[in-house]
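User: Please take a close look at one part of this model. I would like a connected account of that part, with some context for the rest.

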Amino acid sequence: MTFFYALDILGTIAFAISGALSAMNRRLDLFGIFIIAFVTSIGGGTIRDVLIGNTPVSWMQNTVNMYLIISVTAFSILFRNKLDYLKKSLFLFDTIGLGIFTIIGVESGIRAGLEPIVSIALGTMTGCFGGVIRDTLCNEIPVIFRKEIYATASIAGGVCFMILYTLQIDENIIYISTTLLIIAIRLLVVKYKVSLPQFIVNK
Amino acid sequence: MTFFYALDILGTIAFAISGALSAMNRRLDLFGIFIIAFVTSIGGGTIRDVLIGNTPVSWMQNTVNMYLIISVTAFSILFRNKLDYLKKSLFLFDTIGLGIFTIIGVESGIRAGLEPIVSIALGTMTGCFGGVIRDTLCNEIPVIFRKEIYATASIAGGVCFMILYTLQIDENIIYISTTLLIIAIRLLVVKYKVSLPQFIVNK
Amino acid sequence: MTFFYALDILGTIAFAISGALSAMNRRLDLFGIFIIAFVTSIGGGTIRDVLIGNTPVSWMQNTVNMYLIISVTAFSILFRNKLDYLKKSLFLFDTIGLGIFTIIGVESGIRAGLEPIVSIALGTMTGCFGGVIRDTLCNEIPVIFRKEIYATASIAGGVCFMILYTLQIDENIIYISTTLLIIAIRLLVVKYKVSLPQFIVNK
C-alpha cells in the first residue's frame, strides 16, 4: 500500500507539472494555470469516481493531493524557464503517471465488482481523461486522439493487469510489471515514432 | 420489455456507426475512432445516470453494449467506403436512435419519481448529449445548437410521452406513437429544410 | 433561509439572462439559446452536486428554477434589443450571482462535512463553472481563464467565508459580508482594469 501511495503522489506531481507548463504555453493567467494543473492531475480520477458512484470524489476525501498540486504548480511557475529544459524528464514522469493511474483505475473497477472490460475502461479513463479535459478546456482536439499511442499503451497495460490478476499472480508483481509494460510501450513508440493508422473515407 | 430492448440495441448500433463515421471524417486515429463511437453511443445515457445517481452507470452494469459498440466500430472501419453510400439509412437509424433513447430517458425519470418537466429534460439529454460530447471533443460547436431541429423533435416526443402517460394509455402504444412522432418530425424537418429561428441583437 | 432563497432566485435569473444574451450574440437557434441559458444558470450547481454525490441533482428536485429559467429566457429573447443597453446592470446581476452561488457552494461543502479547502473549491465551482461549460460548448476558451479576475474574487470570498465561519460569526453576517466582498473585488477590478499576471516561458 505504501509503495502504491508513493507512486500515486509521483503521478499527481508529474501531471500537475505538465498541466502547469501547458497552461503557461497557452498564456493563461495565474488562476488558469492553477485550474489546468489541478484538472490535469485529478480529472481522470474524478470522472472514474463519478461514474462508479464513489462520492464525494477522492480529492475531496483526501486533501493531501490538493495541497501537493498547489505547491507543485507554484514551483512550476517560479522555475518555468528551467523546467522547460526538463521536458524529457517531464515526459518520463507523465508516462509513469499514466502507468500508475491506469493501475489505480483498474483496481477500483475490480474492487467495485465490475467486469474485466469495464475495469480496463476505468483504468484508461483514470490515466488519460485528465489530459482530455485539459485539452478540451483549452479549446484543442485532445492530443490523445491524434498524435501518439497514449491511450493504447494504457489499454494494453489494463489487459495485462487483468490477465495476471486472473492467474492470481502476487499483487505487487502485477503492479510493477503492468506499470513497466505501459512505460516501455510509450517509450518505444515515441522513440520509433510509431502511430496508429488513420482511415480515410474515399469520396 | 423485449421489444424495448431490441430498440435499445438498434439505437446503440446506429449511434456507434454515426460516431465512427464522423471520427473517420475528422481523420482521428484508430483509438480516436473507437472512443468517439463509444461516446456518441453511451454519452447521453451516462450523463442521465450520473445526474439521477444511478451508479455505476448502465454500461458498466450491462456490458453487452460495450462489445456491441466495439464490433460495430470495427465493422464501420472495414466497410467505411460502402457505409458512406448508406448515409441515408444512417440518418434513419440515427433518428430511430434519437426516438428510442428519448423514451428510455423519459421512462427513467418517471421511474426515479421525478416531475414531468425533469423527465422530459432527461429524455432530451439521453437522446442528444452523446452527440454534444462528440462534437465538443472534436472541437466543434455542437451541431444541434446550429443547423437542425434535432433536440426539438426529442422535446416534442417527451411532451407527447408525458401527456399519453398522464392519460394512462397502454405503455406499448406510448412507446410506438412517441417514437413515430419524433421520427416523423425529424424526417419532415429535413425534407422541407425547416430550421428554428435565430434572434439577432441589433447594435 | 428566506433571505438566502431570494438571493438564489436572483442569481439564477441573472445567469439565465447572461447565458441567453451570449447565445444570441453567437447566433445560436431558439433551442440553443434555451440550452445555453439553462447550462449557465444550473451548470455550476450541477457539477457540485455530482461531485459530492447529491443526486438527483438540485434542479431535478426543485423545479421552480427550471420554470424560472424558461420564463427569463423567453423574456430575454423578446426584449433582446433593450437588454443590450442594460449590459451594465447585467454585469451587476452576474456579479451578485457569482457572490451568492459561491456562498451556496461553500455551505454545501461544510454541510457535507468536507474540509475547508474543499468547501472553498466547491464554492468557486458553483459560482464559475456554469460559465465554463457555456464557453466550452460554444467552442471558446473559457473567459475566466483569460481576461478577468472572476474566479479569484470567488476564491477570496470563499476564504473570507471560512475564516468568519471558524470565528463562529453569525451566519447572516457571513452571507452578507462575503457577498459584498466578492462584489466589491469584481467591481474594483473591472473599474481599474486589474488582471492577473501571465507567465511566459522564455525559449
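Which residues of α9(B) are buried?

Analyst: This is a predicted model, so the account below is of computed geometry. The buried residues of α9(B) are B:I174, B:Y175, B:T178, B:T179, B:I182, B:I185 and B:R186. They lie on the same side of α9(B), because the arc they cover around the axis is only 125°. The other side of the helix has exposed residues, namely B:N172, B:I173, B:L188 and B:K191.

The helix itself runs over residues 171-191 of chain B and has 21 residues. From its first C-alpha to its last, α9(B) reaches 30 Å, close to the 30 Å expected at 1.5 Å a residue. Just after α9(B), B:K193 takes a positive phi of about 50°.

For context, some values for chain A and for the complex follow. Chain A has nine helices and zero strands. Of its 203 residues, 53% are buried. Among contacts in chain A with a separation of 6 or more, 69% are between residues 24 or more positions apart.

On confidence, the predictor gives the complex an ipTM of 0.80 and a pTM of 0.85. Chain A averages a pLDDT of 83, and 88% of its residues score at least 70. Within chain A, confidence is highest in helix α4 (residues 64-78), with a mean of 92, and lowest in helix α5 (residues 80-85), with a mean of 71.

Technical notes
Residues numbered from 1 in each chain as written. Chains lettered and ligands numbered in written order. Predicted model: local features only at pLDDT ≥ 70, side-chain atom pairs only at ≥ 80, totals over all residues. pLDDT = per-residue confidence, 0-100. Helix = DSSP H or I, 4+ residues; strand = E, 2+ residues; numbered from the N terminus. Buried ≥ 20, exposed ≤ 12 C-beta atoms within 10 Å, placed from the backbone. Contact = placed C-beta atoms within 7 Å. Expected span 1.5 Å × (residues − 1). Arc of directions from axis to C-beta.
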